[in-house]
Amino acid sequence: MDQIIVRGGGALHGEIPIAGAKNACLTLMPLTLLTDQPLTLTNAPRLSDIRTMTSLLQSLGSEVVSLQDGQVLAMSSHDLTSQKADYDIVRKMRASILVLGPLLARYGHAVVSLPGGCAIGARPVDLHLKSLEAMGAELDLRDGYVFAKAPAGGLRGAAHGFPIVSVGATENALMAAALAQGTTVLKNVAREPEIVDLAQCLRRMGARIEGEGTSTMTIEGVTQLNGATHPVVTDRIELGTYMLAPAICGGEVECLGGRIDLVATFCEKLDEAGVDVVETERGLKVSRKNGRIRAVDVVTEPFPGFPTDLQAQMMALMCTADGTSVLEERIVENRFMHAPELTRMGARIEVHGGHATVHGVEKLRGAPVMATDLRASVGLILAGLAAEGETIVGRVYHLDRGYEKVVRKLRGVGARIERIKEVTSDE
Ligand code: EPZ
């Protein structure tokens, strides 16, 4: 497995281009299943998760052609050969469940593997299933698969309230409702920019949707959807991640394509911590105010609250802050696996259930550490940028799922970072 070597040290200066959002692209791609006309996505990120979704759609019979070095995805699904999403693809990526709603809405049936675990286990999909049942779907769970069937006349519009806010369940329900008969009203929906982007693309395809970005969405089902060309919204998580680089190391970095509205709550926290964010014509310019970063408390919440996907990265900043900060993770269980790795670098962190208390130290020390998940991996790189000495991050395949060209982007602003290809014995 490849490793990334980071040598801590100086301030960072320059610009980092921010890519299209992984989590928008992963829900936009299944839209090809809702129409027999061509759907083209531009500003697509070059990531392994996108390649996994491409393989899944191709396994169903969709055509997905990657153009312009992966930044354009040209898709069409006029002759699907299967409505079954196999475990061997779904197990790699939880977002595979997002083909369920579209398959059901357009073809009336679908067989989709459950992601790792089961419908009600860790990171379940029960909220996805309940919303589809509200539209008349009959679901049978067996052998690790969801066997789904729509009523003879197709899915029916329904009034449905989500007991807790779920990004993926909102996306599945929205895509299914677009072709259902009649009106669907969804309450307590997710308000993330990725949901807004999905609604805007669906509207371009002829869907009738109101309320995206608020807690209630109303969808007037139509009988068919057209093709479209749609630009993937900027990745607010990649944006927030790179905004933290000058915050943790010093210097000034302009994140090209960044928009304040995508990271408003995050910017409030950065301001509290002593980080300057200025809007420019090209994006967001970030620098550390004079003096040491101040410790701040963080609670992760559904958008527009502080994003859970930036919690690990923020913890890295808090490790060398002046004071003690408490990070409360309210969205995803067991999302502090980066804490023991940061502790290996000299951080002082106590984890109790959903709370992590970080006592800031003057300096971290480089050490060999292990990436445990996508966002934790980049948190360790951020910590390594500010640490004394060398940090070696293992299992960087986690990184490739959600961050394109990390080494190039950070070297572009002066970071001392390189990727070491693993030399296997037979090479
Ligand atoms: C999306 O996951 C993102 N992934 C995640 O980003 C992100 O962390 C998460 O939203 C929260 O913002 C994609 O968009 C592909 P949820 P999703 O359904 O949709 C519980 C990354 O790093 N829940 O909003 O799976 C669930 O266990 C990834 O890019 C149920 O109980 O998240 C969690 O505690 C990681 N039943 C909470 O809801 C369900 O049916 C929020 O999950 C679904 C979810």
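**Exercise 1.** State how much area domain 1 and domain 2 bury between them, and which residues of domain 1 lose the most.

*Solution.* Step 1: domain 1 and domain 2 bury about 1,500 Å² between them, 47% of it on carbon and sulfur atoms. Buried area is the accessible area (1.4 Å probe) lost by two parts on being put together, summed over both. Step 2: in domain 1, the residues that lose the most area to domain 2 are Phe 303, Arg 401 and Glu 404, together 37% of what that side buries.

The model is predicted: local features need pLDDT of at least 70, side-chain atom pairs count only at pLDDT 80 or more, and totals for chains, interfaces and linings use all residues. Residues are numbered from 1 along each chain as its sequence is written, and side-chain values use heavy atoms, with hydrogens and water left out.

**Exercise 2.** Locate the two domains and count the residues in contact.

*Solution.* Step 1: the domain assignment (automatic or from a database) gives 3-19 + 234-420 as domain 1 and 22-231 as domain 2. Step 2: their C-alpha centres lie 31 Å apart. Step 3: 18 residues of domain 1 are in contact (heavy atoms within 4.5 Å) with 18 residues of domain 2.
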